[in-house]
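Reader: Hi! Could you walk me through this model? I'd like to start with the fold and then ask about single residues.

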Amino acid sequence: MQWADVLATRSSRMKASEIRELLKLLDQPDIISFAGGIPDPALFPAEAFRDGFAAALEGGAAAGALQYSVSEGYRPLRDWLAAHMTAIGVPCGAENILITSGSQQALDYLGKLMLSPGDTALVTWPTYLGALGAYNAYEPRYDRLDPKGNRPAEEIAAAAKNAGGRVKFAYLSADFANPTGETLDLTGREALLDLAGDLECAVIEDGAYQALRFDGRPVPPILALDIARTGSIEAARTIYCGSFSKTLAPGLRVGWVCAAKEVIGRLVLMKQAADLHSSTVNQIVTHRVAEALFDSHTAKLRETYGARRDHMLAALAREMPEGVRWQRPEGGMFVWLTLPPGMDGADLLARSLESERVAFVPGRAFFADGSNANTARLSFSCAGDRMIDEGIGRLGRLIRREMGKAAA
Ligand SMILES: Cc1ncc(COP(=O)(O)O)c(C=O)c1O
């Protein structure tokens, strides 16, 4: 069988993710890994989940928990999320919430909903690799979104038209982005909404890390600013994608979309066709756990991850040679390194795994055009102090050696 002959054109852009391939290496016990952007399993509220599953499956409750359910999602969870979104500045009701199987599914559905082949998706340079993976299947063209220094809307629209489509949406993670850890300030968010208005396109706001702010002043979600302009979520162009993966646990695959009813209605049809609904029992248990401890648990995560960030920043300041740059993220899980010009993050990783046994993610894969090879993403979420000191020390020495070789 020649499988290549029967594949759709869209599958040609589906590539193995560099991160997934890498994760395969990481179960080797001697590797110090700053690669995976995953929550620390030691911090999962396992006890609360155990109790939640026991209650959900006890006696008559099991009949509902194990049954098919509605595509929109478990109503009490949608109510909880509507209250949560309202509390972070987005006034909305349960009819504005769709439960998805992780926010990754929301990104896929939104690509499916909006992108025809040749349409343009605006993404930051770099952007979340999984978003590119989700959108690639719908054969878009990517253009660079730079909310703070964007080209004029007419230029972006003309380029999209030349490519045979139009700009459908701007996608970004506004808080503690994956991979850069950066947060878009208020001015940038307003400028983005201006641009999206001029382009008459949607905004996809990825809030995966929103609850993980360690310090600094919270910036309202783009959807909140959009509602402040338009008067109602029903008139807003912004679609917010949220997730319990970084706060409670990713294994249950519970995420959500918050948007105008019209968008939710279209996504519900998509979900019916794709997987009917997200796991009933997981939604029920997630609701119980969120209701019981979301606030106290996220406070604990912020404290722990915040201390790890500080430790990693201190180690970088101590160990990295002149010529390596990074910024201080106010939350999330990542520090983004810019290596000296000409140093390739992927080559560095190969050497690092071989001689230093330290893993990180080379930055190039996060750029839609594969540029900026001299970058790398480090995650501090699963790293204890000793691991950070040792791993960053080794990495600093390796980079110094590589710089010496390049100079020789
Ligand atoms: C920015 C961003 N968005 C979305 C996701 C997907 O998360 P999930 O599908 O687990 O909600 C991730 C996961 O790493 C992420 O980093």
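**Helices, sheet and single residues**

Author: Happy to! Helix 9 (residues 222-230) lies across strand 5, strand 6, strand 7 and strand 8, and runs at about 150° to strand 7. Contact means heavy atoms within 4.5 Å. Axes are lines fitted to C-alpha atoms, for helices over the stretch in contact, with angles from 0 to 180 degrees between N-to-C directions. Helices (H or I, at least four residues) and strands (E, at least two) are DSSP runs numbered from the N terminus.

Reader: Before we go on, what sort of model is it, and how are residues numbered?

Author: It is a predicted model, where local features need pLDDT of at least 70 and side-chain atom pairs count only at pLDDT 80 or more, while totals for chains, interfaces and linings use all residues. Residues are numbered from 1 along each chain as its sequence is written, and side-chain values use heavy atoms, leaving out hydrogens and water.

Reader: Thanks! Which strands does helix 5 lie across?

Author: Helix 5 (residues 102-114) lies across strand 2, strand 5 (167-172), strand 6 (202-206), strand 7 (238-243) and strand 8, at about 155° to strand 7.

Reader: And in what order do the strands form the sheet?

Author: The order is 2-8-7-6-5-3-4, in an open sheet of 7 strands with mixed pairing. Strand 2 (97-100) and strand 4 (141-145) are at the edges with a single partner strand each, so one side of each has no neighbour in the sheet. On average, neighbouring strands of this sheet are turned by 25° against each other, direction ignored. Two strands pair if DSSP finds at least two bridges between them.

Reader: How many bridges join strand 2 to strand 8?

Author: There are 4, and strand 2 and strand 8 (residues 255-258) run antiparallel. Thr100 is opposite Gly255 in strand 8.

Reader: New topic: Thr247, buried or exposed?

Author: Thr247 is buried, at a relative accessible area of 4%; buried means under 20%, exposed over 50%, and partly exposed in between (1.4 Å probe, protein chains only). Thr247 is in the loop between strand 7 and strand 8. Leaving aside residues up to four places away in sequence, Thr247 touches Ala211, Phe294, His297, Thr298 and Leu301.

Reader: Nice. What about Met1?

Author: Met1 is in the segment before helix 1 (18-23) and counts as exposed, with 67% relative accessibility.

Reader: Last one: where is Gly197?

Author: Gly197 is in helix 8 (residues 186-199) and is partly exposed at 27% relative accessibility. Gly197 and Ala35 are 162 residues apart in sequence and 37 Å apart in space, C-alpha to C-alpha.
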